[in-house]
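Hello,

Here is the structure we talked about handing over. Please look through it first; my notes follow below.

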Amino acid sequence: METMQIEIRSRRVSPNLAVVQLIGECDVYTAPKLREAVDRLIDDGVTFLAINLTKTEYLDSTALGTLVRTLKRVREREGDLDLVNVPDRVRRPLEITHLIDIFTLTDTEDEAIADLVKKGATEP
Amino acid sequence: MTSPDLPRILLRIPCSPEYVSVARLTISAVASRMDFGIDDIDDLKLAVGEACANAIEHAAEGDIDIICTMEPEQLVLSVKDCGIGFDPTAPRSQAGKEPPVGGLGLILIQALMDDVQIHSDPKGGTEVRMVKRFQK
């Protein structure tokens with residue numbers, strides 16, 4: 001069954017910093033696509049990630065697991081991951097599981113980029 | 001026990017991740033039909049999605065049955081699989097897949113629904129029964 005449930009757009013901001021936009025529903029079916037996309041970036045030298053959730057419609061526990069795994073991977077490489085503009089509809093699962101406390105949240109991509117540069121990312 | 005006169009919706013999906021969104025869409029339509037608010041509908045979609053994902057994890061094949069019983073003051077959902085069952089009280093890990101966030105699905109279901117019962121049997125599969133009441 002082919003569906004258009006998720007679209008992942010990534011933009012390299014500097015050699016070790018990228019912004020990823022997660023558009024649509026991220027669940028047990030589509031989370032592996034997010035995992036592949038961020039793994040590719042990390043394998044290519046990205047250690048600082050801003051994941052923009054503005055257009056994310058749905059996050060389930062598999063998606064949360066993927067975000068936590070990604071956070072762990074970049075922190076192992078002395079990097080970090082910020083979540084950008086978390087909408088109310090996906091904030092709930094992050095709050096219930098208390099995972100919201102382990103991510104830095106920002107309102108805009110520019111704020112996330114500034115925060116990640118402060119933490120060691122190469123400037124754009 | 002459920003009265004046979006209450007409206008019921010039955011959905012059977014293959015035990016495969018790409019069909020979980022179909023279950024979510026169905027629950028959304030049923031809850032909307034019952035005049036649940038948008039936040040409750042989001043809760044129901046997430047809980048049903050997690051119950052289906054749990055079924056997929058523990059039952060590699062067969063179908064998942066989702067039964068929605070529309071009671072006057074609540075929606076009762078049952079998600080059943082034919083898998084090998086699991087111990088819902090045991091700590092879970094997803095070795096080799098994700099960091100130690102296993103069991104998040106059940107935490108979400110417990111937090112989002114008003115009542116949750118899990119019956120798991122190695123021979124008969126697992127049934128997650130969830131109740132969402134109208135907010136007064």
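A definition to begin with: a crossing is left-handed if the near helix is turned anticlockwise from the far one by less than a right angle, and right-handed if clockwise. Helices (H or I, at least four residues) and strands (E, at least two) are DSSP runs, numbered from the N terminus.

This is a predicted model, in which local features need pLDDT of at least 70 and side-chain atom pairs count only at pLDDT 80 or more, while totals for chains, interfaces and linings use all residues. Residues are numbered from 1 along each chain as its sequence is written, chains are lettered from A and ligands numbered from 1 in the order in which they are written, and side-chain values use heavy atoms, with hydrogens and water left out.

**Helix packing in chain B**

H2(B) and H3(B) cross in the left-handed sense. Their axes come within 9 Å, at an angle of roughly 145°. Axes are lines fitted to C-alpha atoms, for helices over the stretch in contact, and angles run from 0 to 180 degrees between N-to-C directions. From H2(B), the contact (heavy atoms within 4.5 Å) uses Asp43(B), Leu46(B), Ala47(B), Glu50(B) and Ala51(B). From H3(B), Gly105(B), Leu108(B), Ile109(B) and Leu112(B) take part. That makes six nonpolar, one polar and two charged residues. Here Ala, Val, Leu, Ile, Met, Phe, Trp, Tyr, Cys and Pro count as nonpolar, Asp, Glu, Lys and Arg as charged, and the others, Gly among them, as polar.

**Interface of chains A and B**

Chain B puts 24 residues into the contact, and chain A 23 residues. There are three salt bridges between the two chains (a side-chain nitrogen of Lys or Arg within 4 Å of a carboxyl oxygen of Asp or Glu). One pair is Asp43(B) with Arg92(A), whose closest N and O atoms are 2.4 Å apart. On the chain B side, H1 (20–33), H2 (38–58) and H3 (104–112) each supply at least two residues. H2(B) gives the most, seven residues. By class, this side of chain B has 13 nonpolar, three polar and eight charged residues.

**Salt bridges overall**

The whole structure has 18 salt bridges over all chains. Arg89(A) pairs with Glu57(A), with the closest N and O atoms 3.6 Å apart. Arg89(A) lies in helix H3 (residues 88–96) of chain A and Glu57(A) in strand E4 (residues 56–59) of chain A, so this pair ties together parts 32 residues apart in sequence.

Best wishes
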